[in-house]
Number of protein chains: 2
Amino acid sequence: MQSIVLNLDGDVSEFDLRDRGLAYGDGLFETILIHQAQPIWWDAHWQRLLIGAQRLHLPAPNQIKIRKACEALMANQDRAVLKIMYTRGSGGRGYAVPEEVVPRILLSAHPAPKPIPNGIHARWCTTRLAIQPALAGIKHLNRLEQVLARSEWNSSDIHEGVMCDTDGRVICATSANIFIRRQGQWLTPTLDRCGITGVTRAWVLENSPHSLEAHLSCEDVMHAEAVFLCNAVHGIMPVLALDERIWAAHPDILALQYALAQAQPAFVLGEIRGT
Amino acid sequence: MQSIVLNLDGDVSEFDLRDRGLAYGDGLFETILIHQAQPIWWDAHWQRLLIGAQRLHLPAPNQIKIRKACEALMANQDRAVLKIMYTRGSGGRGYAVPEEVVPRILLSAHPAPKPIPNGIHARWCTTRLAIQPALAGIKHLNRLEQVLARSEWNSSDIHEGVMCDTDGRVICATSANIFIRRQGQWLTPTLDRCGITGVTRAWVLENSPHSLEAHLSCEDVMHAEAVFLCNAVHGIMPVLALDERIWAAHPDILALQYALAQAQPAFVLGEIRGT
């Protein structure tokens, strides 16, 4: 893994073990698809990082300098994943943020995951998401719920797990958002109490005329005409199976995938990309 | 800050930026008072670390070797704080735990905080604790709620903030447990849905004949005859004020403080210790 540590001005800096990202998960991250050495949907990722920073009372980093550093790190990558971590920086022991704290940006390059052929085989997770409006929507570094949920299976035949909150509402998959088809509409869970507002989710909500946020139950998902997951690395992924429930390929998902590939060629379908 | 990185056998190791403690808060910590170079209540801290490890599916570290390393790190410290972090170690990108992951222990030495003279001036926090039974009780590294709660004030006249869960039950202070006096009993919140089961809290529950766990509301706290906070660094701390509510020093708190100092001389009262 290639990685680099920067300050908020984009100058090279160093990590140290007093970092509050490590001590408390006091920070944010973004996971960005790199295609032909370019960060895909940079603006949307950066915007979400800024919203997260505001929610955690972190200052805005220098976008131009950080983006330059990202592009330099990923310069030779045809297809890869860039991870940006933004931590509050090093402080003493204790939750109070010291005045002299200097936040950090950590950039790292990762191999692109294999495309998921055809679609997703998923299961329901028993781990629930806690309801915490103060942290809902943002991509912060407190991710033990996702770690526990993802540890519920280790078969490579299962790609994802779908999660409910502690009230039983469906929220997301461990590392993707979810949409279900019902009566000609695409519905995705409201994320004002938990979950992460994904950039691909936002693209679908903006670009699919009959899509909206709603409260969804497990029954809503199981009775849906079609289901897909989405994230910024894989784009739109049809769900073929969720525990015992099987779905046939749905033309409206294919239509959305084509629309996405047209809007953003990095998301051209695996078969077309020759993978 | 002096610090050292070990593997679970207690051998010297290295930190790297792929550590899942940093990426996801995937790990645990303990904050241990050092008095005359000795870790105070080691057994209780270690036991909680093991329970946390079990809950997060982490293996048990070598206690004898890790304790030796702690004592070596703290050998010249008359009074200080030892922090143990236990992370799952480095893994690839993504929530799934790779098979080859090697967990890490990070030890760091910190100055002992100043004793709190007389007692605590506290306030109610508006940040709520999410209800998450899967993580309740253990001292894991996902602590953004405490960071947000502690950021609600910066006056040094306020020592602590008292937190409720999202259902409005009182749970704890940002870095201490809470007990209230009612009709001759010491009551402390049940922690099966959120909060951390503190080692000093456990000592009080075991050693005070009329102490028990209960569901407590804000009104219960405000109507209490007496209130104290406790943690493993400061021991038992009387609460003198909580927002507008004022309490006089209560003889039963003093009695508990003396009992604690008798059981564990490291917790001898500040005045007696001459600080």
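Guide: A salt bridge here is a side-chain nitrogen of Lys or Arg within 4 Å of a carboxyl oxygen of Asp or Glu. Please keep in mind that this is a predicted model.

Visitor: What about polar contacts, then: how many residue pairs does the rule find across the interface of chain B and chain A?

Guide: Across that interface the rule finds 12 residue pairs in polar contact, with both residues at pLDDT 80 or more.

Visitor: Which elements of chain B supply at least two residues each to the side that touches chain A?

Guide: On the side of chain B that touches chain A, at least two residues each come from strand 1 (2–6), helix 1 (20–24), strand 2 (27–35), strand 4 (79–87), strand 5 (104–111) and helix 4 (144–150) of chain B. Helix 4 of chain B gives the largest share of that side, with six residues.

Visitor: And how do the residues on that side of chain B divide into nonpolar, polar and charged?

Guide: The side of chain B that touches chain A has 24 nonpolar, 16 polar and 12 charged residues.

Visitor: How much area do chain B and chain A bury between them?

Guide: Chain B and chain A bury about 4,200 Å² between them, and 71% of it is on carbon and sulfur atoms. In chain B, the residues that lose the most area to chain A are B:Arg93, B:Tyr95 and B:Leu144, which together make up 20% of what that side buries. The contact itself takes 53 residues from chain A and 52 residues from chain B.

Visitor: Back to the charged pairs: which residue does B:Arg20 form a salt bridge with?

Guide: The partner of B:Arg20 is B:Asp26, with the closest N and O atoms 2.9 Å apart, and both B:Arg20 and B:Asp26 are buried. In chain A, salt bridges that share partners join A:Asp16, A:Arg18, A:Asp19 and A:Arg104 into one network.

Visitor: Within that, how far apart are the closest N and O atoms of A:Arg18 and A:Asp16?

Guide: In the salt bridge of A:Arg18 with A:Asp16, the closest N and O atoms are 3.4 Å apart. A:Arg18 is partly exposed, with a relative accessible area of 35%, and A:Asp16 is partly exposed as well, at 22%.

Key
Residues are numbered from 1 along each chain as its sequence is written. Chains are lettered from A and ligands numbered from 1 in the order in which they are written. This is a predicted model: local features need pLDDT of at least 70, side-chain atom pairs count only at pLDDT 80 or more; totals for chains, interfaces and linings use all residues. Side-chain values use heavy atoms; hydrogens and water are left out. Buried means under 20% relative accessible area, exposed over 50%, partly exposed in between (1.4 Å probe, protein chains only). Contact means heavy atoms within 4.5 Å. Buried area is the accessible area (1.4 Å probe) that two parts lose on being put together, summed over both. A polar contact is a pair of N or O atoms within 3.5 Å; within protein, one must be able to donate a hydrogen and the other to accept it, and residues adjacent in sequence count only if both atoms are side-chain atoms. Helices (H or I, at least four residues) and strands (E, at least two) are DSSP runs, numbered from the N terminus. Ala, Val, Leu, Ile, Met, Phe, Trp, Tyr, Cys and Pro count as nonpolar, Asp, Glu, Lys and Arg as charged, and the others, Gly among them, as polar.
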